[in-house]
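Please keep the structure open while reading this note. Each numbered point takes up one place in the chain and can be checked there.

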Amino acid sequence: DGKLSFDEFKAYFADGVLSEEELHELFHTIDTQNTDNLDTEELCEYFSQHLGEYENVLSVLEDLNITILKAMDKTKKDYQEASNLEQFVTRFLLKETLNQLQSLQSSLECAMETTEEQTRQERQGPTKPEVLSVQWPGKRSARRLQKNSLLPNSPHFNTVTFYKCSLFIFSKGWTEEDSQWMTQINRLQKLIDRLEKKDLKLEPFEEEVLEENAKSHIMIVQRQMTVIEEEIEEFRLALKQYVESASTQGACLHVSIQKIPSDSRFIVYEFWENSNAWNTHLQMNYSKTFQRSNVDFLETPELITTMVVPGKY
């Protein structure tokens, strides 16, 4: 209706860090007209006062969006009539543009993950790491695909924090009824807490020298998909075709599927030789076909978590 109630505001803006009381306070701060609803003008007025350097960023993104749409329109008109060489150049430029945008996206995701984790640690303090107890909002139909990347060279990175953050991301899409999984996660949480209380030096026993052409890292991908009940059989067929196609790729090390018995949720685990292999896989026709079909099959946006681990132990 052009206005946001508090429940709608909370469903979109809740990030698992601000408490409901803090969200309620923020809501009333933005609601300058005291109507218990936020309209577009109030939201724009509030955020425009806090943009800072991001005013330039958003302005450039708006120009970029217009420029890309113009290029896409020109490509659509000219591609079929172009020569083979011109078509090759067009495909290369499209791929390179996508790579540049994905690189920017990865940097933003890493910064966002780091700031959120740092805030949680500051709020909890060193003695009460309760990351797993944070309640995340359920459905966010307005959001697009969510992706979390954890890389060993991220700022503020250390081994214990890395594993705790991984456990948190793994668990945040689950509900209380998945008690068996939560039990295992809580056991791992306690082990990590015990490690944090010890003065450990988590260093390699000896320096490792990689052989030439050695595979240094493996990309592990976890994909959580909640399927519409009536579409499960169609989804199973599409998933089977996707897994069969992915498994034939030389860079794919392993693919496995888990079906959560208590609901219509599927979890796919994929192991790829490296991040480049995963990115290439995403551009393959079978992968794009599966992603397009999920628009009709999934009840909520797919949740993807990626993690890079050493490929040689």
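**Notes on the predicted model**

1. F6 counts as buried, because its relative accessibility is 13%, and the cut-off for buried is under 20%.

2. F6 belongs to helix α1, which covers residues 6-13. A search for aromatic pairs through the whole structure gives 12. One of them joins F6 to F27, with the ring centres 5.5 Å apart and 80° between the planes, an edge-to-face arrangement. F27 is in helix α2, and this pair links distant parts of the chain, 21 residues apart. Is F27 buried or exposed? F27 has a relative accessibility of 1% and therefore counts as buried.

3. A second pair is made by F13 and F47. F13 is in helix α1 and F47 is in helix α3 (residues 40-48), so the pair ties together parts 34 residues apart in sequence. F13 is partly exposed, at a relative accessible area of 27%. F47 is also partly exposed, with a value of 35%.

4. Which residues form the aromatic cluster? The cluster consists of F6, F9, Y12, F13, F27, Y46 and F47.

5. Two packed helices are described by the angle between their axes and the distance between the axes. For α2 and α3, the axes come within 9 Å and cross at roughly 105°. This makes α2 roughly perpendicular to α3. On the α2 side the contact involves L26, T29 and I30, and on the α3 side E42, L43 and Y46. By type, the residues of this contact are four nonpolar, one polar and one charged.

6. The loop between α2 (20-30) and β2 (38-39) holds N34. N34 is not a glycine, yet it has a positive phi of about 55°. Its relative accessibility is 63%, so N34 counts as exposed. D36 lies in the loop between α2 and β2 as well. D36 also has a positive phi, about 60°, without being a glycine.

7. K95 is part of helix α5, residues 84-124. K95 is exposed, because its relative accessible area is 55% and the cut-off for exposed is over 50%. How far apart in space are K95 and Q283? Their C-alpha atoms are 9.3 Å apart, while the two residues are 188 residues apart in sequence.

8. M284 sits in the loop between α9 (275-282) and α10 (285-297). M284 is partly exposed, with a relative accessible area of 32%. M284 and S245 are 39 residues apart in sequence, and their C-alpha atoms are 9.8 Å apart in space.

Technical notes. Residues are numbered from 1 along each chain as its sequence is written. This is a predicted model: local features need pLDDT of at least 70, side-chain atom pairs count only at pLDDT 80 or more; totals for chains, interfaces and linings use all residues. Side-chain values use heavy atoms; hydrogens and water are left out. Helices (H or I, at least four residues) and strands (E, at least two) are DSSP runs, numbered from the N terminus. Buried means under 20% relative accessible area, exposed over 50%, partly exposed in between (1.4 Å probe, protein chains only). Rings of Phe, Tyr and Trp (its six-membered ring) pair if their centres lie within 6.5 Å; planes under 30 degrees apart count as stacked, over 60 as edge-to-face and the rest as tilted. Axes are lines fitted to C-alpha atoms, for helices over the stretch in contact, and angles run from 0 to 180 degrees between N-to-C directions. Angles under 35 degrees count as roughly parallel, over 145 as roughly antiparallel, 65 to 115 as roughly perpendicular and the rest as oblique. Contact means heavy atoms within 4.5 Å. Ala, Val, Leu, Ile, Met, Phe, Trp, Tyr, Cys and Pro count as nonpolar, Asp, Glu, Lys and Arg as charged, and the others, Gly among them, as polar.
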